[in-house]
Amino acid sequence: QATKMLLVLLSLVAPAAGLLSFNEAEAMERPVTKVLTLLQGMKDQLEKEAKEEAELMEKYNCWCKENGDKKAAGVAEAEKKLKEMESRVSELAATSARLKVEYTNLGKDLEKDEASMDKSMALRKEEVAEFQAEEKDLLNSINSVQSASATIVSNSGSFLQIPQHKAVARTLQSVLDRHVNQLSSENMAKASAFLQDPSTGSVEGILAGMESDFQRKLDDLQGEEQKNKASYEKLIAAKRKAIDSAKLQIATKKEQQTAADEEKMHLKEAIKDTKESMAEDLAFAKEVKEKCGGKAKEWEKRQKTRADETEAVSKAIEVLGDDDAKAVFSKTMNPSFLQVSSSDDAARREKASAALSEVGQKHDQRLVTLAMEAKLDGFTRVKERIDGMISDLKKEQADEVAKKNYCTEEFQENRLATEKKKRSEQSLGVKMEELQGKLETATDDMDALKSDIEEVKKQQLLAAQNREKENGEFQRVVQEQRQTQELLKKALNVLGKFYNAPAEGALIQANPKEPKTFGDYKKSSSSNGVMLMLQQLIADAEELEAESTAAERESQEDYEAFGKDTIKTLETKNKQIADKAEAKAKAEKKLVETRESKEGVSADIESLEGTNFELHETCDFTMQNFDARQKARSEEVEALNQAKSYLSGAKL
């Protein structure tokens with residue numbers, strides 16, 4: 001009976017030993033030795049499993065440290081960085097507000113400067129018009145006086161004997177009335193007295209004095225105009241320089257504000273992303289801490305259980321392997337004491353064992369173990385084991401079907417999600433290329449506008465240089481024409497004094513007796529033509545002077561109009577640059593957002609690929625061996641049912 005109990009013990013121990021095998025014949029020959037061998041195998045297996053689990057736990061602890069401590073350190077670093085970014089955002093907001101106030105104030109000052117310059121230009125225009133009118137009046141007065149002088153010189157005799165003396169008197173009176181404040185008191189008194197009584201003075205001297213006063217007044221007027229012009233040009237140049245400087249400062253401050261706002265926007269996005277990442281890291285760190293804490297407790301409990309199991313096996317080996325125990329077993333465990341059961345029970349056991357062993361050898365070693373139990377144990381217990389195994393096998397079949405369905409659905413969802421993400425990634429890539437193209441176009445347009453601005457400024461400088469050169473040329477032409485007029489008039493006066501003087505008669509009559517030599521002296525008949533030509537040349541010089549003055553006035557007006565147009569052009573192009581910069585900033589923002597979206601999609605694709613890899617690791621074996629495993633379990637169930645029927649008394 002002890003031997004049978006030992007065999008039953010061996011049959012129950014064998015399945016728990018995993019890969020340990022059991023041979024009934026050998027057990028009958030050396031049962032205790034076989035038990036010791038099995039126990040030693042169990043001990044070795046326990047120690048091996050303990051070592052393997054210790055290595056796994058070491059890797060798990062490394063994972064806990066990697067994803068717990070380092071995540072916590074990462075969160076602390078992120079919090080520090082977050083404070084720095086929030087501080088920087090506040091600083092940028094203050095900078096943006098300050099720059100806005102500064103360029104707004106500059107804009108107000110710019111409006112005042114432009115209004116002041118426009119007012120100065122309008123006043124200058126009025127001043128030039130007054131100068132030209134006064135200059136023209138003085139020139140006309142000088143011409144009138146000179147014409148009167150020429151008329152008096154061309155006629156001999158007293159003033160009252162000149163046929164045109166009344167017209168000359170009216171001219172002098174008109175000149176006196178217009179320029180009462182422009183003649184010296186002496187010349188004014190002489191002229192007034194002469195007009196009241198022509199016999200009181202020399203008309204030539206009075207006219208010469210008037211011409212001298214008018215010429216001096218004209219020189220003073222022109223000199224004052226030169227000073228006014230120089231002062232005006234200096235003032236306008238200073239105002240334009242101040243306006244250009246203000247515009248440059250406004251544009252620079254707007255660019256600085258745009259850069260500050262853009263950096264602030266990017267920092268806010270980064271703060272948002274950092275907070276989200278921190279929340280995820282904190283949640284994950286908390287989850288890791290809970291998992292690792294639970295796993296540590298589980299490991300501690302598992303180590304204790306395994307130690308208890310190892311200690312029990314070791315004590316059993318110590319008890320059975322003792323020399324005294326061996327001596328006892330040599331007397332009690334002799335094969336001659338074993339009894340054979342009835343032939344009918346043995347046949348039924350053998351038939352059930354064979355049915356289980358045949359299928360077990362092909363599919364499941366547990367059936368082989370059960371076959372051994374069928375030879376040794378009671379029918380009721382074996383049949384209970386068979387029912388339990390049938391139930392387990394059916395449950396495994398159902399679980400495997402559910403797992404196959406799960407794997408099929410997961411593979412399908414993973415494939416569809418991956419395809420969708422890849423399409424999204426491709427679309428975002430195309431969008432990034434479009435935005436990059438827009439950025440390049442905006443940059444090229446801004447460079448072109450900046451180049452245009454530089455070109456306009458060059459034109460502005462060249463226009464100022466040309467205006468200065470034209471004015472210098474005008475001054476030279478006017479001076480030369482006036483010098484020409486003076487010389488021509490001087491020549492005309494010299495000729496007039498001679499050719500306009502009355503011809504003198506012969507003082508001595510020629511003696512008829514004397515031979516003829518030459519007659520009375522006759523003035524050149526060409527003198528009238530020469531003097532007319534001189535007068536025409538004087539008129540031409542005066543006309544050229546007037547034309548030069550008109551052309552100078554027109555050039556000045558054109559230059560001032562060009563200046564205004566240039567300012568408007570610069571304002572337009574600077575606005576275009578600002579608009580392009582704003583569009584570029586928006587495109588850069590969209591590019592950053594698109595790039596981040598694409599990176600997120602790429603991360604999702606990588607995650608889906610990782611999930612796919614994990615699915616393959618989890619499901620490939622089930623999917624590839626599903627039909628074979630289902631068939632094997634069906635055969636196992638069939639064999640178990642057949643063995644049960646044999647044990648229940650079915651006919652052999």
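Side chains of opposite charge can pair when their charged atoms come close. In the predicted model, the count of such salt bridges comes to 27.

Glu-91 and Arg-88 form a salt bridge in which the closest N and O atoms are 3.0 Å apart. Both residues belong to helix α3, which covers residues 31-154, and they are separated by three residues, about one turn of the helix. Glu-91 has a relative accessible area of 43% and is therefore partly exposed. Arg-88 is likewise classed as partly exposed, because its relative accessibility is 29%.

Other salt bridges join two helices. The side chains of Glu-102 and Lys-253 meet in a salt bridge with an N to O distance of 2.7 Å. Because Glu-102 is located in helix α3 and Lys-253 in helix α6, this pair ties together parts that are 151 residues apart in sequence. The two partners fall into separate accessibility classes: Glu-102, at 25% relative accessible area, is partly exposed, whereas Lys-253, at 18%, is buried, since the limit for a buried residue is under 20%.

A further salt bridge links Arg-482 with Glu-545, and here the closest N and O atoms lie 2.4 Å apart. Arg-482 is part of helix α10 (residues 379-499) and Glu-545 is part of helix α11, so the pair ties together parts that are 63 residues apart in sequence. Glu-545 is buried, because its relative accessible area is 5%.

Salt bridges may also be connected to one another. In the predicted model, Lys-229, Arg-467, Glu-470 and Glu-552 are linked in a network of salt bridges.

Charged residues without a salt bridge can contribute to surface patches. A negative surface patch is made up of Glu-269, Asp-273, Glu-276, Glu-280, Glu-593, Glu-596 and Glu-599. Two elements, α6 (203-320) and α11 (527-624), each give two or more residues to this patch. Helix α6 gives the most, with four residues. Glu-596, one of the patch residues, is found in helix α11. Its relative accessibility is 36%, and Glu-596 therefore counts as partly exposed.

Definitions and conventions
Residues are numbered from 1 along each chain as its sequence is written. This is a predicted model: local features need pLDDT of at least 70, side-chain atom pairs count only at pLDDT 80 or more; totals for chains, interfaces and linings use all residues. Side-chain values use heavy atoms; hydrogens and water are left out. Patches are made of residues with over 30% relative accessible area and no salt bridge: like charges are joined within 9 Å, nonpolar side chains (Val, Leu, Ile, Met, Phe, Trp, Tyr) within 5 Å. Accessible areas come from the Shrake-Rupley method with a 1.4 Å probe; for residues, only the protein chains shown count as cover. A salt bridge is a side-chain nitrogen of Lys or Arg within 4 Å of a carboxyl oxygen of Asp or Glu. Lys and Arg count as positive and Asp and Glu as negative; His and the chain ends are not counted. The place of a charge is taken as NZ of Lys, CZ of Arg, CG of Asp or CD of Glu. Buried means under 20% relative accessible area, exposed over 50%, partly exposed in between (1.4 Å probe, protein chains only).
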